[in-house]
Amino acid sequence: MDRILLTHGRIATMRGGRYDLIEDGALYAEGGRIRWIGPTGSSELSDRAEVERIDAKGALVTPLLVDCHTHLVYAGNRAREYEMRLEGASYEQIAKMGGGIASTMRATRDASDWELSAQTGKRLDALVAEGVGTVEIKSGYGLDVENELRCLRIARGLERGRAVHVRTTLLGAHALPPEFKGRADDYVRVVCEEMIPAVAREKLADAVDAFCEGIAFTPEQVRRVFEAARDNGLPVKLHADQLSDLHGAALAAEFGALSADHLEYTNGEGIAAMAKAGTVAVMLPGAFHFLRETRLPPVEALRKQGVRMAVATDSNPGTSPTTSLTLMMHLACSLFGLTPEEALAGATSHGAAALGLADRGELDVGKRAEFAVWDAEEPAELAYGIGPKRPILTRYPQ
Ligand code: NIG
Ligand code: FE
């Protein structure tokens, strides 16, 4: 049925990144869009015929969640590296020994399309079961033209038959593949001159990302990647200042990036540049926790400067093997000091902004009629519990 009338919900609209609660709220949707939202008792709600009626019975209603940063397409796992790190090896040391991203690259290249789809689909289903309606999926474990494009195609293909939007991001500049050892600039040339144009031609990605770090690519190399993205009409995002301060946030802002992600080591200048450019700060507490990082992202400064903060899973085998966005909301509060309201905004309104999507992440007239009803009354309950939450029901217009 195309028309939906939800009544008696405690609606956290998340307009402007706030709970903006409507007590005993109602919403009416038609053609996949919200046409009306307000109090259940309103006279404007009478004579709505032939509608699917949902009585939320006082339960919490939120927009469907948005996971704006994942690396879902990969094969294998890195449990052995986890053990090594617990024995004292660092993430950087393991990467330099040929483990890390390169080891997942090998497993991913070796996997068939079918295997990759099946493994990625399982992870995507776990997110959807938690009330996530939009998922960004990066490539980055193929690391050659053929395999990067293959991973993006697989990511796109997973949308079929599922109640989820998949947004794809090319992360060709994730790590140096072994065949380019000692020739990083040559690999960057492949990313700029072959991968990005091919992806733009085939419309396989919605954005371009890079990993700016000592163990990955220099700011100069990232700049070249960003210029190529711009030349091909694609917006950019950046893994910035995760392990050290390379002024990644400022670089991202200079290119009007949709988001700069991680940011543990970002300095004040970078934050000011992000504020000016409207670049969203994506908080990834799963990676912080898993790497046993101690340097906290500059949440108070981001808040003061009015930089919008998103929260995402960063789901990947090396630094954040999780498929629970609500667990990340919990960690964002407990580890980073976000309020539960900020965490929910991070997984709805601001998560959507980190993907450049203005039509979701908030419940309001004209927005997509995508919402979840939760076995909860207080919106803070979504960040409060440790572990995945399951909505009672979700609506997702096809
Ligand atoms: O977001 N920082 C780079 N990329 C991932 C880690 C990828 C991996 O180790 O496989 C991240 O943390
Ligand atoms: Fe990441």
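Predicted model: local features only at pLDDT ≥ 70, side-chain atom pairs only at ≥ 80, totals over all residues.
Local features need pLDDT of at least 70 and side-chain atom pairs count only at pLDDT 80 or more, while totals for chains, interfaces and linings use all residues. Residues are numbered from 1 along each chain as its sequence is written, ligands are numbered from 1 in the order in which they are written, and side-chain values use heavy atoms, with hydrogens and water left out.

The structure holds 3 cavities of 30 Å³ or more. A cavity is a set of points, on a 1 Å grid over the protein atoms alone, where a 1.4 Å probe fits but cannot get out; lining residues have an atom within 4 Å of a point. Points are joined across faces, edges and corners, and a volume is the space filled by probe spheres set on them.

The largest cavity has about 100 Å³ of space, and ligand 1 sits in it, in the sense that more than half of the ligand's atoms lie within 2 Å of the grid points. Among the residues that line this cavity are His 71, His 174, His 239, His 262, Asp 314 and Asn 316.

Around ligand 1 there are 15 residues, the closest being Arg 78, Tyr 91, Tyr 141, His 174 and Thr 319; a residue counts if one of its heavy atoms lies within 4 Å. Taken alone, ligand 1 exposes 330 Å², and the protein buries 100% of that (Shrake-Rupley method, 1.4 Å probe).

Arg 78 and Tyr 91 also line the second largest cavity, which has a volume of about 50 Å³. Helix α1 (79–86) and α2 each give two or more residues to that lining, and α1 has the largest share, with 3 residues. Helices are DSSP runs (H or I, at least four residues), numbered from the N terminus.

The largest pocket, with a volume of about 460 Å³, is an open set of points with protein on both sides within 12 Å along at least five of seven lines. Of its 19 lining residues, Ala 95, Lys 96, Ala 102, Leu 176 and Ile 215 are the closest to the centre. Two or more lining residues come from each of α2 (91–96) and α3 (101–110).
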